[in-house]
Amino acid sequence: MNVLRITPRGFCHGVVDAIRLANEAGAQHQGPVYMLGYLVHNAHVVNELAENGVQLVDFDDRMAGLEKIDHGTVILTAHGVSPAVKQRAIDKGLTVIDATCSDVYITHDLIIDLTSRGYEIIYVGKRGHPEPDGAIGEAPGRVHLVSTTDDVAALDLENDRLAVTTQTTLSIWDTQDVIDAVVAKYPHAEVHNDICLATQDRQEAAVQAADVCDLVIVVGSNRSSNSHRLVEVVRNVKQTPAHLVDSADEVDLSWFEPGMRVGITAGASTPARVTREVIELIEAYEPELEPVAIA
Ligand code: SF4
């Protein structure tokens, strides 16, 4: 097949830093070492860390997960946690390693700053994802999570100091609708778009490639927000078909037809090895032309 390797793709700086910290902890710390939830949203990464001695404690509710850990070292994941979770880990006497991405901390700092000056925050994010949970925990009761324009319609805020910000891994196209709805309802709201550069760069490259490809394959986990957004932007912005695969095993050869050009990208938490296996499989595949019936 004719394959276009879309760049940039794969690991971002936050994921690289988090994996380095976790591997160092697994190698250096005495006693058990735990990651509180998926360090990054990719099972290949988490399984490799487990082989290096970092055990997964997988609870959606980080505080509930923490209660399962009695001693040793706990690694806070790249998505960040609320200050209450971090304080509880310290109070339990655990050694805390904070692998929160610096881009996530930019949003936390923004929330701390604005709420200390009397603002309420409208946070555009995905319900149930750990990143909004951590950000909202910076100022409980003063940060309002919205995912859709319907959520915005349901808001009832009277504060004349309002600001809107976003989860780092959403799509620049999808969030615009929600932000527009906030500004239409609350014209005085300050807009801070905190989608990180790594997410934006990967999305823009995928959308650009979709112009010259018949199909785009995104290598990433079903848990990964930024991988799902890559599929969505290709489908929604360019109307180009796109599929998410976790590994080469999930590639369905019936997707391919002779003469197709296939773009391949990867989420920010997908190891290069896994993406390489998908590229090699698709490059080596040659779909056969349907036999032409001769009358
Ligand atoms: S996707 Fe963005 S926010 Fe998330 S870890 Fe990577 S750089 Fe940080």
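Guide: The model is a predicted one. Its chain has 11 helices and 12 strands. The radius of gyration is 21 Å, close to the 19 Å that the globule rule gives for 295 residues, so the chain is as compact as a globular protein of that length. Of those 295 residues, 45% count as buried. Among contacts with a separation of 6 or more, 73% join residues 24 or more positions apart.

Helix H10 covers residues 225-238. From the first C-alpha to the last, its 14 residues reach 20 Å, close to the 20 Å expected at 1.5 Å a residue. The buried residues in H10 are Ser 225, Asn 226, Ser 227, His 228, Arg 229, Leu 230, Val 231, Val 233 and Val 234. Their packing partners include two helices, H8 (172-185) and H9. The buried residues of H10 also pack against the strands E10 (215-219), E11 (242-245) and E12 (261-266). After H10 comes Gln 239, with a positive phi near 55°.

One of these partners leads on to the ligand. Helix H9 (197-210) supplies at least two residues of the shell around the ligand, as do H1 (13-28) and H5 (102-116). The largest share, 3 residues, comes from H1. In total 15 residues surround the ligand, and the closest are Cys 12, Gly 14, Cys 101, Thr 168 and Cys 196. By class, the shell has 8 nonpolar, 6 polar and 1 charged residues.

Technical notes: Residues are numbered from 1 along each chain as its sequence is written. This is a predicted model: local features need pLDDT of at least 70, side-chain atom pairs count only at pLDDT 80 or more; totals for chains, interfaces and linings use all residues. A residue is near a molecule or strand if its C-beta atom, placed from the backbone, lies within 6 Å of it. Helices (H or I, at least four residues) and strands (E, at least two) are DSSP runs, numbered from the N terminus. Ala, Val, Leu, Ile, Met, Phe, Trp, Tyr, Cys and Pro count as nonpolar, Asp, Glu, Lys and Arg as charged, and the others, Gly among them, as polar. The radius of gyration is taken over C-alpha atoms; the globule rule is 2.2 Å times the number of residues to the power 0.38. A residue is buried if 20 or more other C-beta atoms lie within 10 Å of its own, exposed if 12 or fewer, and partly exposed in between; C-beta atoms are placed from the backbone. Two residues are in contact if their C-beta atoms, placed from the backbone, lie within 7 Å. The expected span of a helix is 1.5 Å times one less than its number of residues.
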